[in-house]
Amino acid sequence: MFDLIVIGGGAAGFYGAIQTALANPELKIAIFERGKTLLGKVKISGGGRCNVTHAEFDPQALVQNYPRGHKELLGPFHSYASGDTMNFFEERGVPLKIEADGRIFPKSDSSQSIIDCFFREAKKLGITILKNSGVKNIQKSSEILGGWQVTTANKHYHSKKLLVATGSNSKIWAHLKHLGHTIIPPVPSLFTFNCKDLRIQGLQGLSKDVTVDIMPKTYYNPKIHIQLKSKVEREPLFSEEGPLLITHWGFSGPVILKLSAWAAKELNDFHYIFRIRINWLPEYSFGTMMGFLNEMKFAEARKTVLKSKITELPNRLWIRLVKASGIDAAQKWADLSKDQIQSLATELIEGSYKIEGKSTFKEEFVTAGGVDLKEINFKTFESRILPNLYLAGEVINVDAVTGGFNFQNAWTGAYLAAQDIAKN
Ligand SMILES: Cc1cc2nc3c(=O)[nH]c(=O)nc-3n(C[C@H](O)[C@H](O)[C@H](O)COP(=O)(O)OP(=O)(O)OC[C@H]3O[C@@H](n4cnc5c(N)ncnc54)[C@H](O)[C@@H]3O)c2cc1C
C-alpha cells in the first residue's frame, strides 16, 4: 500500500516522486522501474553532459520550442519553468552553467551530477525504489476507494495516486488506451537528414546560416518548376532559418533538427523521402539574387566566375554550386547566358536536394506522440479520464526541439502533478 506509486524511474518519475515528498513528507512513495538501471536516459543525455534546461525565462517564448504542446504548456510554464529547475539543482549542490546558445548544463559537464543529486534526495526523503519491477498491468484498486492497483511480474500493489512517467513505452500506452485514453501514434523526432547529393560530397564540417524549406511531394524538378508548377505546388510545407551543418551522410545542425521536430509527422508519412530547398544566402530572395548576378555580369565582366568571391559563401561550396549551374571552369561573368544566371540564382537561393532517410542525432532524440493532450488537465497533469492518475514527461504528446526543452517538459509536468498529489 502506497500513497503514490510512480511508474518509471526516469527524469519525470524521479522529479515527481521527490517533489511530492518535498511538498508532503508524510506520504509513502515508491518508484517502480522495469530495468536494472535508473535514470538511463539522463545518463546519456546531452552527450553525457545532460542539458537540463534552457535559459529561456519568458513562458511565451519558451513554448515556441514545443511542436506539440506549445498551447498547453503556456499555463504550466507560468507556474514552473527553467528558472525553477535551475534553483532546484543549484540549491542541492549542483551548480549549473549557461552556454552561449542558451543550453544549461551542470558545471561538472557530467550527467552523473544530476543522477547523484536525485539519488541523494530520494534517499533523504525515504522514497522506496523498486528496480527490475516492470509494471505489467494497471487497474482500479479493489482495496483503496478511487485508488489504483499496479501489477508487476509477481505482485500486486495498491496506491491512492499513480504517476505514470514511463516515457515512450508502447506497452504502457496500450494499457492507457485500454483504460480509455487516446494515444497519438508515436513517430521519431530530432533526427538528421541523409543526402547523397554530389554537390555536398566531401564538404563535411562546412557550416552556414541558411533557410531550409521542406517541400511538398508535388515539388520536383527545380529547373522546370519555375515555369511549370503552380505557386501552391511550390509552397514549402515547413521553413526554418539557422545554422546548417554538412556531414558525411547529409545535413545536420540546428536548422535541420528543428525541421525534423516540427515536421515529425509529415516526414514519417513521406517515409523520410522528400525534397528540401536551401537558400544558402537568406539575405537574398530569388529576385534580388537575379538582380545582383546581372550586376556582377557587368561589374566583374572579365573575371572568372569560379574564382570570384562575390558572396560570403565558403569557397568550396561556391565552386560546387557554380559547377552545378552548368558554368564552365574558365567562363567569365561577361559570357554567362541568361539561363546560366538563372540557374546560378536557383542553386544559391532555391537549391533542391533529395533526402533519402534519416539518421539519429546522438546528443538527443525523442518520440513525438503519446497521450492526447485534450485528455489531460494542465493545471495538475491529472488525467481527465482516469481520476487520481497523473501523467508527466514523454508519455504525453509533448516534444520539443533540441536544447534542454524536453527535460523541462518532464520537470514541469512532474512538479505540477506532485503539488496536486501532495495536497490531496
Ligand atoms: C540520447 C538522448 C539524449 C537526450 N538528451 C537530452 C538533453 O540533453 N536534454 C533534454 O532536454 N532532453 C534530452 N533527451 C530527451 C529526454 O531524455 C527525454 O525527453 C526525457 O528523458 C523524458 O523523460 P521521461 O521521464 O518521460 O522518460 P524516460 O527518461 O525515458 O524514463 C522512463 C522510464 O520509465 C521506465 N519504464 C517504462 N515502462 C515501464 C514499466 N512498464 N514499468 C516500470 N518502468 C517502466 C523506463 O525504463 C525509463 O526508465 C535525450 C534523449 C536521448 C534518447
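Where does the ligand sit?

Author: Before we dig in, this is a predicted model, where local features need pLDDT of at least 70, side-chain atom pairs count only at pLDDT 80 or more, and totals for chains, interfaces and linings use all residues. Residues are numbered from 1 along each chain as its sequence is written, and side-chain values use heavy atoms, with hydrogens and water left out.

Okay, the ligand sits in the largest pocket. A pocket here is an open set of points on a 1 Å grid over the protein atoms alone, with protein on both sides within 12 Å along at least five of seven lines; "sits in" says that more than half of the molecule's atoms lie within 2 Å of the pocket's grid points.

Around the ligand are 33 residues, each with a heavy atom within 4 Å of it. The closest are Ala12, Glu33, Glu363, Glu394 and Phe407. By class, that shell has 12 nonpolar, 14 polar and seven charged residues, with Asp, Glu, Lys and Arg counted as charged, Ala, Val, Leu, Ile, Met, Phe, Trp, Tyr, Cys and Pro as nonpolar, and the others, Gly among them, as polar.

Now for some backbone contacts. A ligand oxygen is 2.7 Å from a polar backbone atom of Phe407, and a ligand oxygen is 2.8 Å from one of Glu394; such polar contacts are pairs of N or O atoms within 3.5 Å. The protein covers 94% of the 1,000 Å² of accessible area that the ligand has on its own, using the Shrake-Rupley method with a 1.4 Å probe.

Technical notes: Polar contact = N/O pair within 3.5 Å; in protein donor to acceptor, adjacent residues only side chain to side chain. 1 Å grid on protein atoms, 1.4 Å probe; cavity = no way out; pocket = protein on both sides within 12 Å on 5 of 7 lines; lining within 4 Å.
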